[in-house]
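I'd like to walk you through a model, so please have it up on your screens as I talk.

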Amino acid sequence: MVNPKLNSAIRLIALVVLLGVAVYIFILGTSDDINELKQKISRLSAGDLIVPIGFSLTSYFLRFLRWRLILRRLGYSLPFKIDLIYYLSGFALTMTPGKSGETIRSAFLLQAQVPIRVSLSAFVIERSFDLLIVGLLAILLFAPVSVTLALFIAALVAISLVSARLAREEWQGNSSRLPKILRIFLDAISRASVALKPQSTVIYALLGCAAWASQGIGFFAIVGLFSQDIGVFKAISTYCAGLFIGAASLIPGGIGVTEGSLSWLLQTQGLDQNSAILSALISRGCTLWLAVAVGCTALAAIIKGQTVAEPTT
């Protein structure tokens, strides 16, 4: 029997997919020249998607390695295959605001005796570094590399200092009067500090840079399908800027906002409207919707009951 929470997750996935289809049809409808748009679509082939999909899968794997390292730093280690399936299952709900739906993996990790407070701490670390890295890569679109690098180093130093202070748990003595949800959040942050030693922080950041740059390179390959070379570094920054705007909107998956932002940014760099629209939609198909498909596959494996395992602590 399928867990009611999984039923709710499946219904949410179906709803967001339908929303995505509707939004994409609307975006395609904004084209000034539908005939030209159809011609550009007709010239594309499935083989054109191999490179961006490959880079997206590389990105997912790098993010998984970071997640696995975070869990180990928090004192838990699962068999590689099980850990991978649990992690990827969260992608099924990656379109939720702030990717909060990815915490569904906490329910699965609990079966492997990983406490929810631990998996939530890992999630806080993961999302914090994602926002940091995507934001800094986006800044490259507007600021020199030296400025971005300085901000990157300053951010890592700040994270190390804050985590060291939180590790002392000085706030707990006055936490009884705080709202429960805030106490849970502070507890997750405090526990996360255990995994935020300076060396680990640098590794998380480097894996995050490699992961999001991989998707940016995939975006560069997609833009190249329309005979427009905007430069690989500018493509990475443009892609991350679109993601950051979408995340800031708090709309599930940034659907519509991210695509619109990517299209607009590309047009400011010389792409015609139809090429920009298709680049944005195809890139999202090879990243967001590919992630949802991968997540649903992992979720299906879990529902079949093939993934329960004991952790090594």
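**A walk through the helices**

Let's start with I203, which sits in helix α9. This is a predicted model, so keep that in mind throughout. Is I203 buried, exposed or something in between? With a relative accessible area of 28%, I203 is partly exposed. Now look for L69: I203 and L69 are 134 residues apart in sequence, yet their C-alpha atoms are 9.1 Å apart in space.

Okay, let me zoom out. The protein has 13 helices and zero strands. Read along the sequence, you get α-α-α-α-α-α-α-α-α-α-α-α-α. How much of the protein is buried? Of the 313 residues, 49% are buried. And if you take the contacts with a separation of 6 or more, 74% of them are between residues 24 or more positions apart.

Helix α3, residues 50-73, packs with α4 at an angle of about 110°, and the axes are 10 Å apart. Anything from 65 to 115 degrees counts as roughly perpendicular, so that is what we call α3 and α4. Their crossing is right-handed. Who makes the contact? From α3 you have Y60, F61, R63, F64, L65, W67, R68 and L71, and from α4 you have F80, D83, L84 and Y87. Sort the residues of that contact by type and you get nine nonpolar, no polar and three charged.

Y60, F61, F64, W67, F80, Y87 and F91 are linked into a cluster by ring pairs.

Helix α4 covers residues 80-89 and helix α13 covers residues 288-303; the two pack at an angle of about 125°, with their axes 7 Å apart. Roughly perpendicular stops at 115 degrees and roughly antiparallel needs over 145, so α4 and α13 are oblique to each other. And the hand? α4 passes α13 in a left-handed crossing. On the α4 side, the contact is made by I85, Y86, L88 and S89, while α13 brings V294, G295, A298, L299, A301 and I302. By type, the residues of this contact are eight nonpolar, two polar and no charged.

While we're on α13, have a look at V292, which lies in that helix. V292 is buried, at a relative accessible area of 4%. What does V292 touch, leaving aside its neighbours within four places in sequence? The answer is I13, F91, A92, T94 and M95. Take M95 from that list: V292 and M95 are 197 residues apart in sequence, but 7.9 Å apart in space, C-alpha to C-alpha. F91 is in that list of V292 contacts, and F91 also belongs to the ring cluster.

Back to aromatics for a minute. A search of the whole structure turns up ten aromatic pairs. Let me show you one of them. The ring centres of F129 and Y204 are 5.6 Å apart and the planes are at 80°, so this pair is edge-to-face. Are F129 and Y204 buried or exposed? Both are buried.

On to S261, in helix α11. S261 has 11% relative accessibility, so it counts as buried. Apart from neighbours within four places in sequence, S261 is in contact with G242 and I245.

L250 has a positive phi of about 65°, although it is not a glycine. Where is L250? In the loop between α10, residues 232-249, and α11, residues 257-268. L250 has a relative accessible area of 58%, so it is exposed. Q113 is another one: its phi is near 65°, a positive value in a residue other than glycine. Q113 lies in the loop between α5, residues 104-111, and α6, residues 116-139.

That's my tour. Happy to go back to any view you'd like.

Definitions and conventions. Residues numbered from 1 in each chain as written. Predicted model: local features only at pLDDT ≥ 70, side-chain atom pairs only at ≥ 80, totals over all residues. Heavy atoms only, no water. Helix = DSSP H or I, 4+ residues; strand = E, 2+ residues; numbered from the N terminus. Buried < 20%, exposed > 50% of the residue type's maximum accessible area, 1.4 Å probe, protein only. Axes fitted to C-alpha atoms, helices over the stretch in contact; angles between N-to-C directions. Parallel < 35°, antiparallel > 145°, perpendicular 65-115°, else oblique. Left-handed = near helix turned anticlockwise from the far one by under 90°. Contact = heavy atoms within 4.5 Å. Nonpolar A, V, L, I, M, F, W, Y, C, P; charged D, E, K, R; others polar. Phe/Tyr/Trp six-rings, centres within 6.5 Å; stacked < 30°, edge-to-face > 60°.
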